[in-house]
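Hi,

Here is the structure I promised to pass on. Have a look at it first, and my notes on what turned up are below.

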Amino acid sequence: MVKLIKSGAYYLEGKIVKEAHAFMTSEKKEKAVNGTIARSILRAHGTEQDGTLKLKFDELTSHDITYVGIIQTAKASGLEKFPVPYTLTNCHNSLCAVGGTINEDDHLFGLSAAKKYGGNYVPAHLAVIHQYMRECAAGCGKMILGSDSHTRYGALGTLAVGEGGGEIVKQLLGQTYDVARPEIVAVYLKGKLRKGVGPQDVALALIGATFKSGFLKNKILEFIGPGIASLSMDYRIGIDVMTTETTCLSSVWETDEKTHEYLRAHGREGDYKKLTAAQPAYYDGAVTIDLSRVEPMIALPFHPSNVYTLKDFLSRPEELLRKVEEQGAKIKGGEFNLVDKIKDGKVYVDQAVIAGCAGGGYENICEAAEILRDKNIGADAFTLSVYPASQPVYKCLAEGGYLSMLAEQGAIVKTAFCGPCFGAGDVPANNCLSIRHTTRNFENREGSKPADGQLAAVALMDARSIAATAANGGVLTSALGFDYAKRFKKYKFDGKIYANRVYHGALAPDSSAQLVYGPNIADWPEQIALGKHLLMKVASVLTDPVTTTDELIPSGETSSYRSNPEKLSQFALSRKDPEYVARAKAVREEERIRRESGSLPASVTAGLKDFTPAEGTVYGSVVVSNKPGDGSAREQAASCQRVLGGVANICKEYATKRYLSNLINWGIVPFLCAKPDFKTGDYLYVADLAGAIKGGETRVVAKVISKGKTRDVVLELPVLTKEEKEILLSGCLINYNRVGR
């Protein structure tokens, strides 16, 4: 089904050939290296200096739990107008259900910012962020940067990148996105999917084969091969958006007449051009997927990489659910039951959801409705919710009769909303199992609160097998071989929906317009510069193999507070280490005393015993973990630590470039340590860290003071660009732009 080539490979005569078997001269290889689609797009969008690409994007996009903080940061850094088209969507806090008026206050702020600085504004319930950008912005050969990790428009020939808000701010200020030249991996598709197998099945097969090894981490995926022609645009989009879960940097596909037709249907024929990899083209690795062998898949809780074929899972459900139960019990801190979902050899699920940028596409919903034709989901506890990804998709489903079909079948059809993807909608009951065609199933992401004794679980599946399960009354069922007519009415896009409702103000700023502030919208607190020496106190030690951004700062109801840095920071690590905030605040208070009095308080010097930090030392807290930052691009995973007085992270490796960038942009030093053997309450001191950063050092020696005993440990620093060094030394991106430019 999926095969990996971890060495170099060529696209040659329509096939993937290992480099060792290609017999290419050095001159031909050099030409082939530049023969990929991705390389041509990157070259057109920036320059390369010493292996680092410095890129500028064609368009930017953010949603309503990121754009307030981004605009506040840019404003504090000197923003006068948006220099490129910037689209603000409202698909995360659109329910306005938590925190009183604060969600809608954010929306009014967003509209006022679009008017003042010259941007586009998409009102709530009109479209989820990525569907809107596909329909109205993505085009062949373009680059788009978004403050959401699933910013992926590769199926439309666009290299799109999801990053934290700091990188959006840099683009708004005319600065560049700096990244080490990424490796490019071919994803070679061949064969044709069988009926009942959908795009999520292909995506989960890819994620399952690559995530745990880190094979695709921070690389660009380039989809090529004869299998592309057999896939509709909705299928391509559904596969493409899930590439984020491989931890790749971006993705792009060869384009063809189907791409052309999609753009023509959306009134943007001029955005089409044929993109084809040269033959030969050289890739740093390759993944081959035989579509004809892909089966319905399931990603069990609590990660999209926990992948099995549905057939395999149903052959041994008790064994595999026991493993999930064990992990759930650790998360909950008490009993967690899933094996009780097995009755008479069948697995019963409690809830199903088809939603968002991955599941809410037209064809997914049409095919689900056809599978449910002349059937119903039953009148028991099982529920099915369907969220079309945009109002144009909703309208076409209505005109085709699919919404009435779904209503008759017992499904609840809702408006465009990302809530089920991050825990702000359709939160399952305690000990329940939900199957979803959405993007992620991290622990607690569906809205559970383990500290309150609540835990549910989400498994990812394709809409087709979800519909087959619904047709079977909640009994987990594969759509492969399911008897249904795979035919539906052609999609027709109605652009009037957006023309009549979206505020189109890109590149037309009105400097006289006033920003509209609500009472929860607060400025970023002041952050101090790094200082010459650094003293750190360990405020939390996370022992999980991977720590997601959802665990660093929970999603769900906390999203409502993301316009208020201090309020939001109170939730930091709350589901992994509830005592972290109090510890970090204590360190922050001790640092305040040091700044005001000129010396460290007795509470610190007592812990340091006989050691005395040199003059010019800055003091703050540090979080220690193994591999932090998997998942969302949300910068708050880093900024909340900074607001609480955090000055550094120490880990074995960073899960994504996104999280590393967030740390740097918020002035948090990203240390690496082969064996981060530290305990909460330990102190670490690095002499002349500022000099090491300025000089480009990648290794420093830290003195560890633990219970009165001292030892030395080597900490490493990633290779930093000139700008990244200056941002760290300044204390954060805001300071860098205020003082350094």
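Helices (H or I, at least four residues) and strands (E, at least two) are DSSP runs, numbered from the N terminus. This is a predicted model, so keep in mind that local features need pLDDT of at least 70, side-chain atom pairs count only at pLDDT 80 or more, and totals for chains, interfaces and linings use all residues. Residues are numbered from 1 along each chain as its sequence is written, and side-chain values use heavy atoms, with hydrogens and water left out.

Helix H14

Let's start with H14, which covers residues 391-399. Its buried residues (under 20% relative accessible area; exposed is over 50%, partly exposed in between, with a 1.4 Å probe and protein chains only) are Pro-392, Val-393, Cys-396 and Leu-397. Seen down the axis of H14, they fall within an arc of 135°, so they line one face of the helix; the arc is that of the directions from the helix axis to the C-beta atoms. The packing partners of the buried H14 residues are helices H5 (129-136), H13 (362-371), H15 (402-409) and H18 (496-501). Just after H14, Gly-401 has a positive phi of about 85°.

Cores

A nonpolar core is a set of buried Ala, Val, Leu, Ile, Met, Phe, Trp, Tyr and Cys residues joined through side-chain atoms within 4.5 Å. The largest one has 198 residues, and those touching the most other members are Phe-313, Leu-384, Phe-671, Leu-684, Leu-689 and Leu-715. Apart from it lies another core of 21 residues, including Ile-129 and Ala-389.

Cavities

A cavity is a set of points, on a 1 Å grid over the protein atoms alone, where a 1.4 Å probe fits but cannot get out; lining residues have an atom within 4 Å of a point. Grid points are joined across faces, edges and corners, and a volume is the space filled by probe spheres set on the points. There are 10 cavities of 30 Å³ or more.

The largest cavity holds about 210 Å³. Of its 22 lining residues, His-63, His-92, Asp-148, His-150 and Arg-445 lie nearest the centre. The lining divides into seven nonpolar, 10 polar and five charged residues. (Ala, Val, Leu, Ile, Met, Phe, Trp, Tyr, Cys and Pro count as nonpolar, Asp, Glu, Lys and Arg as charged, and the others, Gly among them, as polar.)

The second largest cavity is about 60 Å³. Its lining has 11 nonpolar residues, one polar and no charged. Leu-42, Met-143 and Ser-250 are among the residues that line it, and strands S5 (52-55), S10 (159-162) and S11 (177-180) each supply at least two.

The peptide bond from Gln-279 to Pro-280 is cis, with omega near 10°. Another cis bond joins Pro-301 and Phe-302, with omega about 10°.

Asp-374, a residue other than glycine, has a positive phi near 65°. Asp-374 sits in the loop between H13 and strand S22 (383-386) and is exposed, at 79% relative accessible area.

Conventions. Contact = heavy atoms within 4.5 Å. 1 Å grid on protein atoms, 1.4 Å probe; cavity = no way out; pocket = protein on both sides within 12 Å on 5 of 7 lines; lining within 4 Å.
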